[in-house]
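Subject: A structure for you to explore

Hi there,

Here is the structure I promised to pass on to you.

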Amino acid sequence: MTTDRLTQVLLAAEKKSAEVTDWSARIGWLVGLALFVALVYWLMRQGWKWRGTLQGDLPELPATPDDAGTATLTMSGRYHGSTTAGQWLDRIVAHGLGTRSRAELTLSDAGLDVVRPGATDFFVPRAALREARLDKGIAGKVLTEGGLLIVTWAHGERLIDSGFRSDHAAEQAAWVEAVNSMTATAGSTDTAGSTDTADSIDTTKHTDTTEGAAR
């Protein structure tokens, strides 16, 4: 075997060894990346469970009543999550509220019915509705300005913002108007009831005072 031939054989062996070494490094890098992704996923799951534990005081979600009345508005779209009202990153995950899904919304005199295929349905009674608005983000989901319909409602001792995106974004403004009209009407009724009660109390006190003076 000549010197040139021997040199070629050695170079070929060295090149083959280098290729094997590169593959080993690549496999090790891929395994490390997979372990890192698994760790991040596990930490996210633990954080989700921890948040759910902290929100254990949240009552069960109301079910849709048998007679919800005639539908005022309907909407097909996506449910993007719920947060503590006014805190768009404080996600609520208890009772399935943290799960994004398709959603079918129905607004009636009884309240807001949210049907979610593959996830937990829920119903917001009319008395629990507080307001609706258009916004751009909730719970890590950011869209263009006014791209999300945010409905604020009371449940237990919490005020909750729930975010929805209609398949036809133009119809979301009508939902804001309808929900806010319902809450304004409910507020007026409550105010009138409070006024009547106060007047009744004042009348009773006045009557008692008059009778006392007459005696």
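Below is what was found in it, topic by topic.

Please keep in mind from the start that this is a predicted model.

**Salt bridges around one arginine**

Let's begin with the charged side chains. The count of salt bridges comes to four. Taken together, Glu131, Arg133, Asp135 and Asp161 are linked in a network of salt bridges.

Which of these residues are buried, and which are partly exposed? Arginine 133 is partly exposed, at 27% relative accessible area. Glutamate 131 is partly exposed too, at 36%, and aspartate 135 is partly exposed at 21%. Aspartate 161, on the other hand, is buried, with a relative accessible area of 4%.

**Aromatic rings**

Next, the rings. How many aromatic pairs does a search of the whole structure find? There are three. One of them is made by tyrosine 79 and phenylalanine 164: the ring centres are 5.6 Å apart, the planes make an angle of 55 degrees, and the pair is tilted. Tyrosine 79 belongs to strand 1 (residues 71–84) and phenylalanine 164 to strand 10, so the pair ties together parts that are 85 residues apart in sequence. Both tyrosine 79 and phenylalanine 164 are buried.

Now find phenylalanine 122 and tryptophan 153. Their ring centres lie 5.6 Å apart and their planes are at 15 degrees, so this pair is stacked. It links distant parts of the chain, with phenylalanine 122 in strand 5 (residues 122–125) and tryptophan 153 in strand 9 (residues 148–155), 31 residues apart. Phenylalanine 122 and tryptophan 153 are buried as well. If you display these rings together, you can follow how ring pairs link Tyr79, Phe122, Trp153 and Phe164 into a cluster.

**A hairpin and a serine**

Phenylalanine 122 comes up again when you look at how the strands pair. Strand 4 (residues 111–115) pairs with strand 5 in the antiparallel sense, over four bridges. Within that pairing, phenylalanine 122 in strand 5 is the bridge partner of valine 114. The hairpin of strand 4 and strand 5 has six residues between the strands, and glycine 118 there takes a positive phi near 85 degrees.

You will find serine 101 in strand 3 (residues 101–108). Serine 101 is buried, with a relative accessible area of 5%. Leaving out residues up to four places away in sequence, serine 101 touches Arg78, Tyr79, Arg116, Pro117 and Ala119. Tyr79 is also part of the ring cluster described above.

**A positive phi in a loop**

Most residues other than glycine have a negative phi. With that in mind, look at histidine 95, where phi is positive, near 60 degrees. Histidine 95 is in the loop between strand 2 (91–92) and strand 3, and histidine 95 counts as partly exposed at 25% relative accessibility.

**A nonpolar patch on the surface**

Finally, go to helix 1 (residues 3–54), where you will find tryptophan 23. At 53% relative accessibility, tryptophan 23 counts as exposed. What do Trp23, Ile27, Val31 and Leu35 form on the surface? They form a nonpolar patch, with about 440 Å² of accessible area together.

Best wishes

Terms used. Residues are numbered from 1 along each chain as its sequence is written. This is a predicted model: local features need pLDDT of at least 70, side-chain atom pairs count only at pLDDT 80 or more; totals for chains, interfaces and linings use all residues. Side-chain values use heavy atoms; hydrogens and water are left out. Buried means under 20% relative accessible area, exposed over 50%, partly exposed in between (1.4 Å probe, protein chains only). Rings of Phe, Tyr and Trp (its six-membered ring) pair if their centres lie within 6.5 Å; planes under 30 degrees apart count as stacked, over 60 as edge-to-face and the rest as tilted. Helices (H or I, at least four residues) and strands (E, at least two) are DSSP runs, numbered from the N terminus. Contact means heavy atoms within 4.5 Å. Two strands pair if DSSP finds at least two bridges between them. Patches are made of residues with over 30% relative accessible area and no salt bridge: like charges are joined within 9 Å, nonpolar side chains (Val, Leu, Ile, Met, Phe, Trp, Tyr) within 5 Å. Accessible areas come from the Shrake-Rupley method with a 1.4 Å probe; for residues, only the protein chains shown count as cover.
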